[in-house]
Amino acid sequence: MGDFLLWVSHFASETMDFSHLNRGQITLMGSAFCAMLTMHYTVQLLSQHLFYWKNPKEQKAILIIILMAPIYAVDSFLGLLDVRGSKAFFMFLESVKECYEALVIAKFLALMYSYLNISISKNIVPDEIKGREIHHSFPMTLFQPRTVRLNHQTLKLLKYWTWQFVIIRPVCSILMITMQILGIYPSWLSWTFTIILNISVSLALYSLVVFYHVFAKELAPHKPLAKFMCIKGIVFFCFWQGVVLDILVALGIIRSHHFWLDVEHLEEALQNVLVCLEMVVFSVLQQYAYHVHPYSGEAESKMKLGKKNE
C-alpha cells in the first residue's frame with residue numbers, strides 16, 4: 001500500500017505543477033485520486049477473495065457487495081467531469097448508484113442465508129432454525145399476522161421483499177430519465193416516484209432487519225452488523241448529505257460565485273466530491289468487515305491454536 005501511495009505522489013509531482021492549477025482542476029484531481037484509492041483497496045480485497053476461492057456461493061455475494069464503493073466513487077467522479085450536465089445526465093448517474101444499491105441489498109440477504117445453510121431454490125432449511133417466531137411490527141401487521149413461524153415460505157417471502165426493489169428501482173429509473181428527456185416530468189410525478197421508491201427500499205431493508213433480529217446469535221461470528229453498516233453507511237451518507245446541501249442552498253449559505261456554474265450544479269459537484277472522499281473510508285472499512293480470513297484458513301488455525309492453549 002505504501003509503495004502505491006509513493007508511486008502516485010511521485011507521478012503527480014513529476015507530471016503536474018500544482019501552482020498553475022485552478023481550484024476546479026485541483027478538486028478534480030483530488031477526486032480522481034480518491035476514486036483510484038478506493039479502487040486500489042477494493043481490488044486488493046477482491047484479489048484476496050479470488051485467491052482463496054473456497055466458498056463460491058458466499059464469496060460471489062461478497063464480491064458484488066464490495067464493488068459498491070468503487071462504483072459510487074467512479075460514478076461521482078464522472079459527474080465532476082461534466083459539472084454543467086443536464087438533469088437527465090445527473091439522474092442517470094444517480095440511478096446507476098441506486099440500482100446497484102438494490103442489487104447489493106438482495107445479495108446481502110443471500111449472503112446471510114448462505115451463512116445459515118439456507119437454500120430457497122433447493123428447498124433447504126436446517127431443522128434447528130425451523131419454527132422460529134418472527135414478530136412483525138406496524139405497518140406490516142396490516143398485511144401479515146403479528147407473529148409467524150419460520151419456514152420455507154416465510155424465507156421465500158423475505159427474499160421476494162428484497163428482490164422487488166431490484167426490479168422496481170431500474171424500471172422507475174428508466175421511466176424517470178425518459179420523461180425528463182421528453183420534458184414531461186412535472187413535480188407531482190417526481191413525488192410519486194419518490195414515494196414508490198421509498199416504500200420499495202423500506203420493504204427491502206425491513207426484510208433484512210427482521211432476518212437479523214431472529215438470527216442475531218447465529219450470525220454473530222460472521223459480523224453481520226459491520227457488513228451491513230458498510231452498505232447502509234454509504235447510502236446513509238449519500239442521502240443525508242444531499243438533504244443538508246439542499247437546506248444550505250435554500251438558506252443561501254451555499255451560493256454560486258461563477259458566472260458559468262449555477263447553484264444547482266454547484267450542489268451536485270459538492271455532493272460528488274464528498275462521495276469520492278467517503279468511498280475511500282468505506283473501502284478501508286470493507287477490509288475489516290469482508291476480510292478473507294474465513295476462507296484463507298487463518299481463522300481455523302487460530303481457533304485450533306486457541307483450543308490447544310486451553
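Me: Why is Ser95 called buried?
Reply: In this predicted model, Ser95 has a relative accessible area of 5%. Buried means under 20%, so Ser95 counts as buried. Ser95 is found in helix α5, residues 87-115.

Me: What makes the pairing of the side chains of Ser95 and Ser173 a polar contact?
Reply: The side chains of Ser95 and Ser173 are joined at 3.3 Å, and the cut-off is a pair of N or O atoms within 3.5 Å. Ser173 is also one of the residues in contact with Ser95 when neighbours within four places in sequence are left aside; the others are Arg169 and Ile177.

Me: Why is α7 called roughly antiparallel to α8?
Reply: Helix α7 (residues 187-219) and helix α8 (residues 224-250) pack at an angle of about 160°, with their axes 11 Å apart. Angles over 145 degrees count as roughly antiparallel, which is why α7 is described that way relative to α8.

Me: Which residues of α7 and α8 meet?
Reply: From α7 come Leu205, Leu208, Tyr212 and Leu219, and from α8 come Pro224, Leu225, Phe228 and Lys232. The residues of this contact divide into 7 nonpolar, no polar and 1 charged. Lys counts as charged.

Me: How do you know whether Met279 is buried or exposed?
Reply: The relative accessible area of Met279 is 0%. The limit for buried is under 20%, so Met279 is buried. Met279 lies in helix α9, residues 263-289.

Me: What does Met279 touch, not counting residues up to four places away in sequence?
Reply: Met279 touches Thr38, Ala69, Tyr72, Ala73 and Ile234. The C-alpha atoms of Met279 and Val74 are separated by 9.7 Å, although these residues are 205 residues apart along the chain.

Methods: Residues numbered from 1 in each chain as written. Predicted model: local features only at pLDDT ≥ 70, side-chain atom pairs only at ≥ 80, totals over all residues. Heavy atoms only, no water. Axes fitted to C-alpha atoms, helices over the stretch in contact; angles between N-to-C directions. Helix = DSSP H or I, 4+ residues; strand = E, 2+ residues; numbered from the N terminus. Parallel < 35°, antiparallel > 145°, perpendicular 65-115°, else oblique. Contact = heavy atoms within 4.5 Å. Buried < 20%, exposed > 50% of the residue type's maximum accessible area, 1.4 Å probe, protein only. Polar contact = N/O pair within 3.5 Å; in protein donor to acceptor, adjacent residues only side chain to side chain.
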